[in-house]
Amino acid sequence: MEASLGRKKLPEKFQGLWLEWLLGGFQFSAHNAFFETCIYKNILVARYGWPDIPNKLWDDTMARCANLCIPQDLDMAVRVLRLPAMKDTEASAMVIALSKPDRKGYLPKITPEIVAMADEYCADDCRAQKGL
């Protein structure tokens with residue numbers, strides 16, 4: 001199955017790797033996998049034709065936290081476990097604000113600085129999830 005992004009197909013090398021992961025049983029990990037699967041299935045699969053990821057290949061770190069009586073909030077779980085990767089609460093608020101229009105219905109202006117901050121925030125989240 002080919003994966004496409006808009007009108008442009010993803011490079012064949014990437015498609016092959018992605019399908020290799022799917023067929024090989026690679027585990028996709030997320031904190032609150034429900035959210036990630038919704039985005040994946042409703043955007044990447046439905047709109048762009050990416051191959052579906054079977055539910056059995058998702059690993060949910062939030063569910064693991066709940067099972068171990070650890071707070072399910074990623075920031076709190078990281079703090080309770082005293083993991084080295086901490087969430088950036090300022091960047092978190094900024095990223096959330098990017099999806100909320102102002103009173104006139106306009107979204108915030110996205111500058112290169114905001115993109116860099118959002119990128120680092122996402123990397124911090126990945127490090128925190130990896131620590132779990």
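Of the 132 residues in the protein chain, 28% are buried, meaning under 20% relative accessible area, with exposed over 50% and partly exposed in between (1.4 Å probe, protein chains only). This is a predicted model: local features need pLDDT of at least 70, side-chain atom pairs count only at pLDDT 80 or more, and totals for chains, interfaces and linings use all residues. Residues are numbered from 1 along each chain as its sequence is written, and side-chain values use heavy atoms, with hydrogens and water left out.

The overall fold next. The protein chain has six helices and four strands. These are DSSP runs, numbered from the N terminus: helices are H or I with at least four residues, strands E with at least two. From the N terminus, the order is β-β-α-β-α-β-α-α-α-α. The C-alpha trace spans about 45 × 40 × 25 Å along its principal axes.

Now contacts, meaning heavy atoms within 4.5 Å. Take those between residues at least 6 apart in sequence: 59% join residues at least 24 apart.

On to the rings. A pair of aromatic rings is described by the distance of the centres and the angle of the planes. Here rings of Phe, Tyr and Trp (its six-membered ring) pair if their centres lie within 6.5 Å; planes under 30 degrees apart are stacked, over 60 edge-to-face, the rest tilted. The structure holds ten such pairs. One of them is F14 with W18, stacked, at 5.7 Å centre to centre and 25° between the planes. Both residues sit in helix 1 (residues 12–23), four residues apart, about one turn of the helix. F14 is partly exposed, at 30% relative accessible area. W18 is buried, at 12%.

What does W18 do with W50? Their ring centres are 5.2 Å apart and their planes at 75°, so this pair is edge-to-face. W18 is in helix 1 and W50 in the loop between helix 2 (33–45) and strand 4, so the pair ties together parts 32 residues apart in sequence. W50 is buried too, at 11% relative accessibility. Ring pairs link F14, W18, W21, F26, F28, Y40, W50 and W58 into a cluster.

D60 lies in strand 4 (residues 58–60). Leaving aside neighbours within four places in sequence, D60 is in contact with A30, H31, N32, A33 and F34.
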